[in-house]
Amino acid sequence: MALPTINIEQVKTFVDTAIEGLQQELRELNNQIWSNPELAYQEHHAHDTICDFLEGQGFTVTRHAYGLDTSFEALSGTGGRLINFNAEYDALPGMGHACGHNLIATSSVAAFLALSFALSKFNISGRAQLLGTPAEENGGGKAKLIDAGAYRNVEISLMAHPGPKPLYLDGEQTDGVAGILMNARKNIHCEFTGRNAHAGGNPWEGINALDALVSSYNNVAVLRQQLLPDQRVHCAFLDTPKVANVIPDYTKAFWQVRSPTLKGLNTLVGKVRNCIEAGALATGCQVKIDEDELYTDIRLNDTLCERYHIHMGRYDRNVLKRHNKVLTGSSDIGNVSYETPTLHTMFGIPSPPSSFPHHPTFAAAAGTDEAHTEALIVGKSLALIGWDMITENDMYDVARRQWTDEIAREE
């Protein structure tokens with residue numbers, strides 16, 4: 001059955017009016033999340049605040065969804081394709097919302113509301129899903145949600161991340177970028193076990209776990225000379241000696257390894273493992289190595305990027321379709337992009353010069369009225385992409401084909 005012809009400007013006008021009518025409530029929602037920063041898997045206030053708000057708007061919400069205490073799911077519509085929006089809301093230790101996840105949640109909530117209301121208003125078959133995705137900074141919430149089946153029936157996944165405004169990319173001042181490449185990432189945990197001895201009396205009887213840890217760190221430092229420009233290796237010493245007169249028998253460290261592609265990450269992780277194992281071998285220690293929290297790279301989708309560029313242009317925002325330089329951070333939205341066609345944009349918010357996510361100045365910028373305004377514009381644009389993907393069959397087919405081709409190239 002042919003869908004009724006509805007002009008996209010009609011949809012935009014309706015969406016603008018609907019979101020404007022909720023401006024005050026959405027600002028309070030944003031402020032509640034920003035004012036009460038919570039770490040990974042501890043986002044109880046954010047979870048409850050968003051769920052209460054959605055239920056107040058008449059939606060049925062599944063709290064503590066998919067086995068995660070601070071995840072939720074709201075669904076709307078009937079039949080047709082399912083469009084997913086991802087709401088992040090975890091913060092950073094000691095810096096609050098220095099990555100602007102309050103704005104991610106706000107834009108995704110606005111997008112879900114706008115698309116849900118539009119589908120109902122124009123009597124269109126299609127569904128919207130708002131998924132609460134905890135623990136993006138550390139913990140891999142989306143990876144766990146994938147394993148639990150949260151994205152199993154999703155046709156398109158959409159979200160947006162704030163950054164400093166203006167963004168200067170390719171020599172052009174922009175208000176955002178539709179397609180941002182990000183590194184794949186994996187965590188490595190290592191524990192060295194040796195033997196205690198008196199450092200002054202009989203050090204020759206000891207097997208020094210601190211030497212093993214320091215040697216492994218220095219091995220990676222040597223490896224850095226051969227890293228590709230966008231590859232990264234970080235380390236934190238978690239358990240080290242507290243006194244100097246004992247040969248230590250135990251140390252512990254935490255590594256993060258990043259590379260622009262999943263294939264490159266797997267190769268680099270192998271090299272870092274060799275560096276860690278060499279430290280143990282050189283000192284006679286035993287080493288236990290565990291890997292977890294794989295964040296894949298992000299598979300860009302040209303159709304979704306183009307639609308975001310077009311719809312943000314309707315709000316007089318100058319947005320690049322994509323930027324081919326890798327943003328060397330990582331996100332578990334990359335894992336989602338291996339499950340279904342995905343858009344993860346970056347939008348600019350007013351911020352001090354040289355401000356960037358994961359800095360206290362950006363946390364302050366993320367709490368302003370101006371940042372909230374940008375988040376709502378982004379949310380409305382995401383909703384219009386969702387509308388496109390539900391109502392434009394040929395466009396959806398192209399987006400899906402681009403995704404399958406991209407995944408095939410990776411394999």
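This is a predicted model: local features need pLDDT of at least 70, side-chain atom pairs count only at pLDDT 80 or more; totals for chains, interfaces and linings use all residues.
Q: What caps the N-terminal end of α6?
A: Asn-208 does, with a side-chain oxygen 2.9 Å from the backbone nitrogen of Leu-210.

Q: Which residues of α6 are buried?
A: Ala-209, Ala-212, Leu-213, Ser-216, Val-220 and Leu-223. Buried means under 20% relative accessible area, exposed over 50%, and partly exposed in between (1.4 Å probe, protein chains only).

Q: Where do they sit around the helix?
A: Down the axis of α6, the buried residues fall within an arc of 100°, so they line one face. The arc is taken from the directions from the helix axis to the C-beta atoms.

Q: Why can residues a few places apart point the same way?
A: Because an α-helix has 3.6 residues a turn, residues three or four places apart point the same way.

Q: What covers that buried face?
A: The cover for the buried residues of α6 includes β9, β11, β13 and α7.

Q: What sheet is that part of?
A: An open, antiparallel sheet of four strands, in the order β11-β13-β9-β14. Two strands pair if DSSP finds at least two bridges between them.

Q: Which strands are at the edges?
A: β11 (232–239) and β14 (286–295), each pairing on one side only. Neighbouring strands are turned by 20° on average, direction ignored.

Q: How does α6 meet the sheet?
A: Helix α6 (residues 209–223) touches β9, β11 and β13, and its direction makes about 15° with that of β13. Contact means heavy atoms within 4.5 Å. Axes are lines fitted to C-alpha atoms, for helices over the stretch in contact, and angles run from 0 to 180 degrees between N-to-C directions.

Q: And α7?
A: Helix α7 (residues 262–283) lies across β9, β11, β13 and β14, at about 10° to β9.

Q: How many bridges join β9 and β14?
A: Eight, in the antiparallel sense. Thr-193 stands opposite Gln-286 in β14.

Q: New topic. Is β8 enclosed or open?
A: Largely enclosed by the rest of the structure, because six of its seven residues are buried.

Q: What does β8 pair with?
A: Five bridges join β8 to β15 in parallel, and Met-182 partners Leu-327 there. With β16, β8 pairs antiparallel over two bridges. Val-177 stands opposite Met-346 in β16.

Q: Which span should α11 have?
A: 33 Å for its 23 residues at 1.5 Å a residue, and its end C-alpha atoms are 33 Å apart, which agrees. The expected span is 1.5 Å times one less than the number of residues. In α11, 20 of its 23 residues are buried.

Q: What is the phi of Ala-135?
A: Near 60°, a positive value in a residue other than glycine. Most residues other than glycine have a negative phi.

Q: Is Ala-135 buried or exposed?
A: Buried, at 0% relative accessibility. Asp-316 also has a positive phi, about 60°, but counts as exposed at 69%.

Notes:
Residues are numbered from 1 along each chain as its sequence is written. Side-chain values use heavy atoms; hydrogens and water are left out. A polar contact is a pair of N or O atoms within 3.5 Å; within protein, one must be able to donate a hydrogen and the other to accept it, and residues adjacent in sequence count only if both atoms are side-chain atoms.
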